[in-house]
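Please keep the model in view while working through the numbered points.

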Amino acid sequence: MTTPTFTSRDPSAPQFWDERFEQAFTPWDRGGVPADLQAFVQNHAVQPLVTLIPGCGLGHEVAYLHAAGWDVTAIDFSPAAVMAARLLLGALGEHVCEADFFDFIPPRAVQLIYERAFLCAMPPRLWPQVVARWAELLPVGGRVAGYFFFDASPKGPPFGIDIAQLDALMTPYFEQIDDRSVPDSIAVFQGKERWQVWQRRAD
Ligand SMILES: C[S@@+](CC[C@H](N)C(=O)[O-])C[C@H]1O[C@@H](n2cnc3c(N)ncnc32)[C@H](O)[C@@H]1O
């Protein structure tokens with residue numbers, strides 16, 4: 001795939017992502033639901049979780065979670081992303097909202113936040129705000145589960161984090177309860193992402 005020309009260079013602005021979705025340049029998109037999320041959902045089949053997907057992009061996971069009986073809300077601040085997700089999801093497009101994660105108020109109390117390629121889409125200066133907002137949105141026992149991108153290159157997105165830095169950001173609010181290598185990464189994340197689950201602790 002040749003890289004199109006883009007004018008927006010600031011990934012903290014919706015225009016950056018609009019340009020990419022409008023030109024169908026989405027190299028981070030998996031085109032489906034990754035294995036660890038499927039396993040997580042199967043392990044919680046008796047007790048589906050109210051789930052929020054921040055920065056959902058095309059939102060493939062929405063259809064999967066909905067089919068499993070989960071209450072899912074997906075948000076994205078890029079109008080072009082929301083339009084593309086709704087096109088893909090058809091009737092389930094009603095689960096996708098155009099909203100900025102930092103000021104979105106979920107319709108119901110959230111039990112799970114699903115993370116994939118959202119934290120690493122953010123400039124690192126915003127990471128403390130992302131983690132603090134996760135913590136605000138989740139009750140004690142609530143979880144952030146998903147994929148974390150570890151890389152030393154300062155260039156992004158995707159912006160890689162290192163393990164110590166992620167621990168320092170998360171441990172004031174969360175305890176890590178799962179951490180494993182990923183069997184089915186796409187090329188951009190191959191060998192550099194891990195599936196992790198973090199549980200909200202009491203303040
Ligand atoms: C790299 S894409 C990942 C999309 C999707 N999670 C996936 O795995 O394919 C990052 C997404 O986050 C969205 N995003 C970035 N900052 C956001 C914010 N503050 N609020 C809501 N969405 C945001 C972008 O519009 C983009 O769709």
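1. Strand S1 (residues 51-54), helix H3 (residues 60-67) and strand S2 together form a β-α-β unit, and this unit is right-handed. From S2 the chain continues through helix H4 to strand S3, in a β-α-β crossover that is right-handed as well. Please bear in mind that the model is a predicted one.

2. The pairing of the strands deserves attention. S1 and S2 are parallel and are joined by 4 bridges. S2 also runs parallel to S3 (residues 96-98), with 3 bridges between them. Which residue of S2 is the bridge partner of Ile53? The partner is Ala74. Ala74 also stands opposite Val96 in S3.

3. How many of the residues of S2 (residues 72-76) are buried? The count is 5 of 5, and the strand is accordingly described as mostly covered. Both of its faces are covered: one side carries Val72, Ala74 and Asp76, the other carries Thr73 and Ile75, and all of these are buried.

4. Helix H1 (residues 14-22) has Trp17, Arg20 and Phe21 as its buried residues. Viewed down the axis of H1, these buried residues fall within an arc of 95 degrees, so they line one face of the helix. The buried residues of H1 pack against helix H4 (79-89). After H1 comes Ala24, which has a positive phi, near 55 degrees.

5. The ligand is surrounded by 20 residues, and the closest are Trp17, Gly55, Gly57, Ser78 and Phe101. Sorted by class, the shell around the ligand contains 13 nonpolar, 3 polar and 4 charged residues.

6. Why does Leu169 count as partly exposed? It has 18 C-beta neighbours inside 10 Å, whereas a buried residue needs 20 or more and an exposed one has 12 or fewer. Leaving aside residues up to four places away in sequence, Leu169 touches Trp127, Pro128 and Val131. Val188 is 19 residues from Leu169 along the chain, and the C-alpha atoms of the two are separated by 24 Å.

Definitions and conventions: Residues are numbered from 1 along each chain as its sequence is written. This is a predicted model: local features need pLDDT of at least 70, side-chain atom pairs count only at pLDDT 80 or more; totals for chains, interfaces and linings use all residues. A residue is near a molecule or strand if its C-beta atom, placed from the backbone, lies within 6 Å of it. Ala, Val, Leu, Ile, Met, Phe, Trp, Tyr, Cys and Pro count as nonpolar, Asp, Glu, Lys and Arg as charged, and the others, Gly among them, as polar. Helices (H or I, at least four residues) and strands (E, at least two) are DSSP runs, numbered from the N terminus. The arc is that of the directions from the helix axis to the C-beta atoms. Two residues are in contact if their C-beta atoms, placed from the backbone, lie within 7 Å. Two strands pair if DSSP finds at least two bridges between them. A crossover is right-handed if, with the strands pointing away from the viewer, the path from the first strand over the helix to the second runs clockwise.
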